[in-house]
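Please have a look at the sequence and the structure before I go on.

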Amino acid sequence: MKNLIIAGNWKSNMTKSEARDWLEKFSLESIPEHMEVILFVPYTLLDIISGYIKVNGLSIKLGSQNVSRFPKGAHTGEIYANQIKEFAEYVLIGHSERRATFGETDEIVNKKIEAAKNVGLKTIVCVSNLDQLKSIYTDTIVAYEPIEAIGTGNPELPKDVDDMSLRIKEIKNSKLIYGGSINSDNIKNYAELENVNGLLIGMDSLNADSFINNIKNAS
Ligand code: PGA
């Protein structure tokens with residue numbers, strides 16, 4: 001069975017008590033050996049979730065959804081890489097929502113990758129096209145997320161995802177995960193694609209039962 005990354009992206013959702021309820025449900029399930037489950041959560045939840053994972057021995061890796069491109073210092077409102085490293089192993093960088101709404105350019109994305117790598121955080125960098133991919137200058141896991149597929153209920157066709165994943169791998173030689181309207185009904189069609197190493201799930205990760213069903217159906 002091939003190894004798979006199954007990542008949840010909670011985006012700007014979940015309070016502390018909602019997160020605790022989610023974890024309580026999730027902790028009743030066991031994760032198959034060949035899967036690496038990563039949860040990208042809001043900064044405000046990193047502390048309590050990392051604590052919960054340790055105390056309860058959950059096999060979930062934790063990630064933040066963003067990182068400052070600056071080191072520590074006078075950057076009001078920013079969270080720098082070492083602050084994330086205290087709680088998490090991963091950081092998601094360059095999501096299309098950050099590029100579109102918060103003006104993140106390829107240059108900023110690269111600075112964030114560098115800031116994360118400098119402290120030993122693992123990175124998953126989102127791209128929605130080959131130009132964005134080509135601008136990344138270091139090794140990283142790549143998340144291919146076509147904009148039209150995000151949050152629309154219309155994932156890109158599996159064949160097209162596989163073709164694009166192959167092209168991305170030819171350019172970058174990296175692990176490739178796909179994101180965009182993945183749910184427990186369609187995940188299998190994507191998990192089994194030759195060039196896809198995992199899935200990034202937004203909406204369908206917010207409910208613990210749905211996320212568990214994604215994990216079950218992907219294997
Ligand atoms: P979606 O989001 O699964 O809700 O389409 C995916 C993402 O934006 O990472």
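What volume does the second largest pocket have? The second largest pocket has a volume of about 280 Å³, where a volume is the space filled by probe spheres set on the grid points, which are joined across faces, edges and corners. By a pocket I mean, on a 1 Å grid over the protein atoms alone, an open set of points with protein on both sides within 12 Å along at least five of seven lines, whereas a cavity is a set of points where a 1.4 Å probe fits but cannot get out, and lining residues have an atom within 4 Å of a point.

Before the details, please keep in mind that this is a predicted model, in which local features need pLDDT of at least 70 and side-chain atom pairs count only at pLDDT 80 or more, while totals for chains, interfaces and linings use all residues. Residues are numbered from 1 along each chain as its sequence is written, and side-chain values use heavy atoms, with hydrogens and water left out.

The second largest pocket is lined by 21 residues, and G151, S181, G202, M203 and D204 lie nearest its centre. The ligand takes up the space of this second largest pocket, the criterion being that more than half of a molecule's atoms lie within 2 Å of the grid points.

Turning to the ligand itself, 13 residues surround it, the closest being K11, H95, E145, G151 and S181; a residue counts here if one of its heavy atoms lies within 4 Å. By class, this shell has 5 nonpolar, 6 polar and 2 charged residues, with Ala, Val, Leu, Ile, Met, Phe, Trp, Tyr, Cys and Pro counted as nonpolar, Asp, Glu, Lys and Arg as charged, and the others, Gly among them, as polar.

An oxygen atom of the ligand is 2.8 Å from an N or O atom in the side chain of E145. With G151, a ligand oxygen is 2.7 Å from a polar backbone atom, and with S181 a ligand oxygen is 2.8 Å from a polar backbone atom. Taken alone the ligand exposes 280 Å², and the protein buries 97% of that, by the Shrake-Rupley method with a 1.4 Å probe.

The largest pocket holds about 360 Å³ of space. Its lining has 14 residues, with K11, S12, Q65, R98 and F102 nearest the centre.

Finally, a search of the whole structure finds 1 cavity of 30 Å³ or more, and the largest cavity has a volume of about 40 Å³. Its lining includes H95 and E145.

Definitions and conventions:
A polar contact is a pair of N or O atoms within 3.5 Å; within protein, one must be able to donate a hydrogen and the other to accept it, and residues adjacent in sequence count only if both atoms are side-chain atoms.
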